[in-house]
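Please have a look at the sequence and the model first.

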Amino acid sequence: MQAHDLNFASRPFIPAANIIFYGGRDIGFSPHGPYWTKMRKIVAMELLGARRTKLLRPIMEQEMAKLVGLINTKPTINLTEMMLSFGNSITCRAAFGKIQKQEEVFLPFIKQFMKMLGGFSLVDLFPSSNLLRLLVANAAERKLKKVHSAADAIMETIINDRLAKRSSTVAAGGNDDEDLLGVLLNLKDTDDLGFTEIKAVILDMFLAGSDTWTITVEWAMSELMKHPRVMEKAQREVRKVFNGKGVVDEASIDRLQYLQLVLKETLRLHPPGPLAIPRESKETIVVNGYKIPAKTRVFVNLWAINRDPHHWAQPEVFEPERFLNSSVDFRGTDFHYLPFGAGRRMCPGMHYGLALAYLSLANLIYHFDWKLPHQMKPEDLDMRERFGIEVKRQNNLIRA
Ligand code: HEM
């Protein structure tokens, strides 16, 4: 990823992704080239940059207050489900500004796409088998196309509604730039973006931008409950920093230094995308004595890299202090710690995802005390993982 990044900067053809993202018109699955360069620049500058993350702060805080209120009123909560819907609400508001009926109907499609994208396809393993394609792929493809066409119709309605309202906003001297859809429509004329590209990018934001950080918060909560010493230390810090305020807001979040270590260690042990997004080699190349032909699909095992015993002492142990006074960071330059990947295709949503994860985690431990059920030992907490494009907990985290 350091020496050969350019040769591996492309993505392979993945049938499911090809259908979902309108034939590679998004950022995550489009091949390396001028189109990807243009779209990546738009996303990094206009949609996920520091300025936009700042503009999204009120949304994050309002949704967080709702979540805290919900946990307060319910005797039993399924934290996994709750975080998932919290993440989707934030993405929905960031993308469309509001959550109304059609936005609500749109969300279950995202769940289905994620499942279809993450499933191992026999056809991908045996690409030359026409029989397999006939038996397996065609049925799956038909199903996915049906789901995609329904999701597409909803996005069309959302866009058309916005276009109708936009003319009056603009006529009244306003700027329609408060959410991602508004920003993309503003770029439509100057950057030559079509509606297909806008829809593909919005899907990217939903598929890459919700589950990733909510899964991270869930794993962090699991590790904190498994390690009461760490929980106590993190909780003491957050309560000290925010005690005068009564709420956790973005303004002082940077002062939570121990919580930053907790998040770093969580991302080391539980990178939400353990195999990143597959890459493809452009030219034949020899790496460490292995010949990798052109157009080979390559997976980078971030999960294994983050636990490599050559670089990490007691790699399986959750120990946030290992990052104390250490310069090791997730910015893609320390090649033994890569939760966000590295190089040209590295995650452009890192700052946005981290801001949301910090805020959520700080709120959850500031407002509530979390303990294991009576008589349950920390070592008995189920930490098994569920296979998919993202690695979630196998069983939901429930507070009874
Ligand atoms: C904890 C949070 C997150 C983690 C750990 C994470 C991790 C990753 C990883 C490992 C990749 C693949 C990088 C590679 O191929 O080397 C990736 C790509 C990507 N991520 Fe994230 N991500 C997170 C949050 C987000 C958010 C919040 C967004 C958007 C709202 C986002 C958007 C993307 C996009 C668009 C790509 C594809 C980039 C490209 O192909 O050029 N991610 N992410």
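I will begin with the ligand and then go on to the cavities.

This is a predicted model, in which local features need pLDDT of at least 70 and side-chain atom pairs count only at pLDDT 80 or more, while totals for chains, interfaces and linings use all residues. Residues are numbered from 1 along each chain as its sequence is written, and side-chain values use heavy atoms, with hydrogens and water left out.

Which residue donates to the iron atom of the ligand? The only protein donor is Cys347, through SG, at 2.3 Å, where donors are N, O and S atoms within 2.8 Å of the metal (3.2 Å for Na, K and Ca), and water is not among the atoms, so sites may look incomplete. Cys347 is found in the loop between helix H14 (302-305) and helix H15 (350-367); helices here are DSSP runs of H or I with at least four residues, numbered from the N terminus.

Around the ligand there are 28 residues, and the closest are Arg11, Arg40, Arg279, Arg345 and Cys347, with a residue counted if one of its heavy atoms lies within 4 Å. As for polar contacts, which are pairs of N or O atoms within 3.5 Å, a polar side-chain atom of Arg279 lies 2.6 Å from an oxygen atom of the ligand, the side chain of Arg11 has an N or O atom 2.8 Å from a ligand oxygen, and for Arg345 the distance from a polar side-chain atom to a ligand oxygen is 2.9 Å. By class, this shell has 17 nonpolar, seven polar and four charged residues, where Ala, Val, Leu, Ile, Met, Phe, Trp, Tyr, Cys and Pro count as nonpolar, Asp, Glu, Lys and Arg as charged, and the others, Gly among them, as polar.

Now to the cavities. A cavity is a set of points, on a 1 Å grid over the protein atoms alone, where a 1.4 Å probe fits but cannot get out, and its lining residues have an atom within 4 Å of a point. The ligand sits in the largest cavity, in the sense that more than half of its atoms lie within 2 Å of the grid points.

About 950 Å³ of space lies in that largest cavity, a volume being the space filled by probe spheres set on the points. Of the 47 residues that line the largest cavity, the closest to its centre are Ala208, Thr212, Ile277, Cys347 and Pro348. Helix H10 (195-209) gives the largest share of this lining, five residues.

Key. Helix = DSSP H or I, 4+ residues; strand = E, 2+ residues; numbered from the N terminus. Polar contact = N/O pair within 3.5 Å; in protein donor to acceptor, adjacent residues only side chain to side chain. 1 Å grid on protein atoms, 1.4 Å probe; cavity = no way out; pocket = protein on both sides within 12 Å on 5 of 7 lines; lining within 4 Å.
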